[in-house]
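Visitor: I have a model on screen and would like to go through it. Can you take my questions one at a time?

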Amino acid sequence: MGVVTPPTAKAPKQDRSRATRQRLLEAAVACLAEVGWAGSTVLVVAERAGVSRGAAQHHFPTREDLFTAAVEYVAEERSQALRELPSQDRTAVVAALVDLYTGPLFRAALHLWVAASNEEQLRPRVTELEAKVGRETHRIAVRLLNADESRPGVRETVQGLLDMARGLGLANLLTDDAARRERVVAQWAALVEEGLA
């Protein structure tokens with residue numbers, strides 16, 4: 001009969017560590033979206049996540065580490081949700097892409113961009129993160145729209161759609177005009193259909 005080794009305490013500790021990290025990332029995004037950069041400190045995020053400041057700093061040594069990781073984490077979650085969208089008509093795809101820019105992630109990212117414009121330590125990290133997220137979103141949009149970027153103007157059509165979606169997201173920060181946005185999305189879907197036909 002073989003020797004049975006008892007389960008180690010390492011797995012539960014790693015699970016708790018992952019759960020703590022995830023709570024911190026979600027709390028950081030929520031704080032950025034609700035109170036902006038100035039009101040989003042490590043202590044505020046730690047309290048919101050239900051962990052000590054020391055635990056927060058164990059996972060994220062600096063404020064910049066915490067907030068760039070938080071936006072990257074949620075951006076990846078959102079990208080994954082987009083990647084998992086079933087094949088559907090282009091109008092639904094345009095609407096899903098616009099939704100990407102009208103939620104709390106976009107609001108949090110916007111606060112991070114504004115902070116990066118004034119914070120030298122934060123700027124290169126946010127610039128790199130935005131470039132990465134932008135490239136991934138573009139790739140996903142191309143796939144979802146079944147766009148052939150080897151054709152002239154198609155890349156620009158897809159990028160124009162994403163730029164328009166970002167603009168609608170900015171407008172949504174001040175006032176939620178869902179009815180107007182729905183009409184704009186329908187018009188852009190028609191333009192995209194024509195541009196990609």
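Guide: A word on labels to begin with: a helix here is a DSSP run of H or I with at least four residues, and helices are numbered from the N terminus. Also, this is a predicted model.

Visitor: Okay. Which helices each supply at least two residues of the lining of the largest cavity?

Guide: They are α4 (63-83), α6 (104-118) and α7.

Visitor: And which one gives the most to that lining?

Guide: That is α7, with six residues.

Visitor: How much space lies in the largest cavity?

Guide: About 230 Å³. The lining is made of 18 residues, and the closest to the cavity centre are Leu-105, Ala-109, Trp-113, Glu-130 and Val-133.

Visitor: How many cavities of 30 Å³ or more are there?

Guide: The count is one.

Visitor: New topic, rings. How many aromatic pairs does a search of the whole structure find?

Guide: Three. One of them joins Tyr-101 and Phe-106, edge-to-face, with 5.6 Å centre to centre and 75° between the planes. Another joins Phe-106 and Trp-113, also edge-to-face, at 5.7 Å and 85°.

Visitor: Why those two numbers for each pair?

Guide: Because a pair of aromatic rings is described by the distance of the centres and the angle of the planes.

Visitor: Is Phe-106 buried or exposed?

Guide: Phe-106 is buried, because its relative accessibility is 4% and the cut-off for buried is under 20%. Tyr-101 is buried as well. Trp-113, with a relative accessible area of 25%, is partly exposed.

Visitor: What lies over the face of Trp-37?

Guide: Arg-63 does, at 3.7 Å from the ring centre.

Visitor: Back to helices. Where is Thr-137?

Guide: Thr-137 sits in helix α7, which covers residues 123-145. Thr-137 counts as buried, at 3% relative accessibility.

Visitor: What does Thr-137 touch, leaving out residues up to four places away in sequence?

Guide: Leu-100, Tyr-101 and Leu-162. Tyr-101 is also a member of the aromatic cluster.

Visitor: And where does Val-93 lie?

Guide: In helix α5, residues 90-100. At 1% relative accessibility, Val-93 counts as buried. Leaving out residues up to four places away in sequence, Val-93 touches Gln-88, Leu-144 and Leu-145.

Visitor: How far apart are Val-93 and Leu-144?

Guide: In sequence, 51 residues; in space, 6.6 Å from C-alpha to C-alpha.

Visitor: What about the loop between α7 and α8, which residue is found there?

Guide: Asn-146 is found in that loop, with α8 being residues 154-174. Asn-146 has a positive phi of about 55° and is not a glycine.

Visitor: Why point that out?

Guide: Because most residues other than glycine have a negative phi.

Visitor: Is Asn-146 buried or exposed?

Guide: Asn-146 counts as exposed, at 64% relative accessibility.

Visitor: Last one. What does UniProt list for residues 18-78?

Guide: The unreviewed UniProt entry lists "domain: HTH tetR-type" there. In this model, residues 18-78 are 87% helix and 0% strand, and the end C-alpha atoms are 19 Å apart.

How values were computed: Residues are numbered from 1 along each chain as its sequence is written. This is a predicted model: local features need pLDDT of at least 70, side-chain atom pairs count only at pLDDT 80 or more; totals for chains, interfaces and linings use all residues. Side-chain values use heavy atoms; hydrogens and water are left out. UniProt positions are given in the numbering used here, feature names are shortened, and annotations may be inferred rather than shown by experiment. Rings of Phe, Tyr and Trp (its six-membered ring) pair if their centres lie within 6.5 Å; planes under 30 degrees apart count as stacked, over 60 as edge-to-face and the rest as tilted. Buried means under 20% relative accessible area, exposed over 50%, partly exposed in between (1.4 Å probe, protein chains only). A charge sits over a ring if NZ of Lys or CZ of Arg is within 6 Å of the ring centre and within 35 degrees of the ring normal. Contact means heavy atoms within 4.5 Å. On a 1 Å grid over the protein atoms alone, a cavity is a set of points where a 1.4 Å probe fits but cannot get out, and a pocket is an open set with protein on both sides within 12 Å along at least five of seven lines; lining residues have an atom within 4 Å of a point. Grid points are joined across faces, edges and corners, and a volume is the space filled by probe spheres set on the points.
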